[in-house]
Amino acid sequence: MFHPNMFDQGHQSLLDMGHNKLQEMSSSELDILREDEFESKSATDIMEGPSGDDDHDPNKQPGPTKKKPYHRHTQHQISEMEAFFKEIPHPDDKQRKELGRRLGLKPLQIKFWFQNKRTQMKAQQERHENGALRAENDKLRAENIRYKDALSNATCPNCGGPASIGEMSFEEQHLRIENVRLREEIDKISAIAAKYIGKPMLSPSLGPPRSLDLVVGSFGHQPVPVQGDLYTTGDLLRSVSGPPSDMDKPMIIELAVAAMEELMRMGQVGEPLWVLSPGDHSSEILNEEEYLRSFPRGIGPKLPGFRSEASRESAVVIMNHINLVEILMDVNQWCSVFAGVVSRALTLEVLSTGVAGNYNGALQTMTAEFQVPSPFVPTRENYFLRYCKQHGDGTWAVVDVSLDTLRPSSITRCRRRPSGCLIQELPNGYSKVTWIEHVEVDDRAVHNIYKPLVNSGLAFGAKHWVSTLDRQCERLASAMANNIQPGEVGVITSAEGRKSMLKLAERMVMSFCGGVGASTAHTWTTLSGSGTDDVRVMTRKSIDDPGRPPGIVLSAATSFWLPVPPKRVFDFLRDENSRNQWDILSNGGLVQEMAHIANGRDPGNCVSLLRVNSANSSQSNMLILQESCVDPTGSYVIYAPVDIVAMNVVLSGGDPDYVALLPSGFAILPDGAASPEAGPHPGGGGSLLTVAFQILVDSVPTAKLSLGSVATVNSLIKCTVERIRGAVACDTA
């Protein structure tokens, strides 16, 4: 028989069930519901909003409320927005308007859809990470149980009976723990890599153990043919026929684990493995004898004619550890931050992207060229693996090691033993970076004036990498500022204009650094002269490049020695008041700084906009964009003429990518000779100065280069060199 209380009890049960269901839902899922509700309401209100007359009609009779129709996007609209979201998950107002116009939607509807999509993606990522963390927790619990069982079953090596930890030697304990840890790490990376290979891989721990000497021992038997003092170098990828084969991948994984182990030990121990550099007591260099004792296997013996170059440097930088790891694992960001060190780089294959949504366990093969900003120093080409791992003490490590044995090449002039950096998180967004650079190189092709610098380790060593990173972290922190900083003056009136100008200057610096070195992508031709004043030239055709004017571009560069400390040369070249002493293009006119952006602690790190007021009133005024940067291992002064109309667009916050630039400038390095007069700046009393120009000689890309254009550029660079020499000599007299 039906009883009235039965309905109340059933209704209450339904309410309880709904309440429990809501409590089980994650906060991110509730946010999705709220966002969906907000979208449907907001989108409908926009499409079906009531008129003002209906809302305020006093004679309107009350009636049933009409439910507003729910707006559903079409499949075409959803697919178009999905595709756009993959490219740009945070569209700006302009992009939302354009997309809405194309799809027949209002900008607010586009905005709400993208908000909902981002919330859904975040919730999915959180669920994935939670699952990975649970799996990791289960694994650690299982490992703990296994370790306890192993300890309880340990036997005494002397009597065969049960043994306690105290009865084992310290070396045996350490070796057993390390062996278990290394094998588990190899198993873990093998499992990750198997997903990308498409078939199971034999874990080294499941088969017979292999010596690392068998993996990489053939490094020591590569012939190195020499033609006089110069090598025949090919393109960066000429010796790399393709990504590693499936047979090579277990070897790469095993080498990655061993290289990471070596890097961690080299980053944590001190003397006698590392000793203070005799020329620079703030830097550490490797004790080779101790290294061979500590790492007897390594990657094989040193190649004939090669010399070792190994150093370690530490610094605290203004960037958090997550962003630093991302820069190192993203080849484009890596090339941008280290533009003065890396001339070209390419990721060949990603064997693992890492776990739990970060780069922990990421493994990839790469090829790169490392440079000195001068056409007189050949680049160092490397084919290597890069492996990233997070360690239990809050430290991240990224290690590189050469893979030349997988792609034997007759032109191998440099190989990397385990090199890289340890990154430790510090409070307030800072990180401590310990960099280790360990290479073996045959650098007999280096020009004589650069040999002291290269041999000192300042050209390619750890100090150069860390100093560059420290300076670039300060620059990135400055670029992220959302307002005009104190002390910045001139025609910049908005934060958007400031960011656009810094972005344009960054592209200018990258273009200069990528075109001044002796990369295998360049074909430098010696024009005339002898000794250190040889002028090297090359031509490029610019077609459909929005960042460069169309036509034939002639690049010219030379390097020479000056008997003046690098800091004095740097201060002279960056000062607008002394510019007319060397800049032929200024034609003796007055140079005025129109804008100034500081991007580092050192006053020499800045971006400027200069105006040249020509002495000839018939000539129009010219604008020059200039960036100067300095660190303890070198400095740059890079500039480019810019169109006034285009620069006004940049200053108002417009897109700087379409401003055509042909950068010229200077790279100033210490000469590498120790001298007490050098003070805190490394190197001796002398400087190595590289002067480089880029000039558009013909606006038609298919035109032929005339001898007159070459002669004009040759005269221009030689005249500039003589002016600098004369001005610096007067300055030091």
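A residue is termed buried when its relative accessible area is under 20%, exposed when over 50%, and partly exposed in between, with a 1.4 Å probe and protein chains only. The model is predicted, so that local features need pLDDT of at least 70 and side-chain atom pairs count only at pLDDT 80 or more, whereas totals for chains, interfaces and linings use all residues. Residues are numbered from 1 along each chain as its sequence is written, and side-chain values use heavy atoms, with hydrogens and water left out.

Salt bridges were examined next. A salt bridge is defined as a side-chain nitrogen of Lys or Arg within 4 Å of a carboxyl oxygen of Asp or Glu, and the structure contains 29 of them. One of these joins E98 to R101, with the closest N and O atoms 2.6 Å apart. Helices (H or I, at least four residues) and strands (E, at least two) are DSSP runs, numbered from the N terminus. E98 and R101 stand three residues apart in helix α5 (residues 93-103) and are thus separated by about one helical turn. R101 is exposed, at 58% relative accessibility, and E98 is partly exposed, with a relative accessible area of 37%.

Other salt bridges involve buried residues. D631 pairs with R471, their closest N and O atoms being 3.1 Å apart. This pair links distant parts of the chain, since D631 belongs to strand β16 (residues 622-631) and R471 to helix α14, 160 residues apart. Both D631 and R471 are buried.

R416 is in strand β8 (residues 414-416) and D400 in strand β7 (residues 395-402), so the pair ties together parts that are 16 residues apart in sequence. R416 and D400 are both buried. D400 also takes part in a polar contact, in which its side chain and that of R386 are 2.8 Å apart. A polar contact denotes a pair of N or O atoms within 3.5 Å; within protein, one must be able to donate a hydrogen and the other to accept it, and residues adjacent in sequence count only if both atoms are side-chain atoms.

R386 is located in strand β6 (residues 380-390) and is buried, at 3% relative accessibility. Its side chain reaches the backbone oxygen of L328 at 2.7 Å. With contact taken as heavy atoms within 4.5 Å, and residues up to four places away in sequence not counted, the residues touched by R386 include L328, M329, W334 and V398. L328 and M329 are among the buried residues of helix α11 (residues 321-329), as are H321, L324, V325 and I327. At the start of α11, a side-chain oxygen of N320 comes to within 3.0 Å of the backbone nitrogen of I322.

The packing of two helices was also examined. The axes of helix α14 (residues 462-479) and helix α15 (residues 495-516) come within 10 Å and cross at roughly 150°. Axes are lines fitted to C-alpha atoms, for helices over the stretch in contact, and angles run from 0 to 180 degrees between N-to-C directions. The contact is formed by R475, S478 and A479 of α14 together with R498, K499, L502, A505 and E506 of α15.
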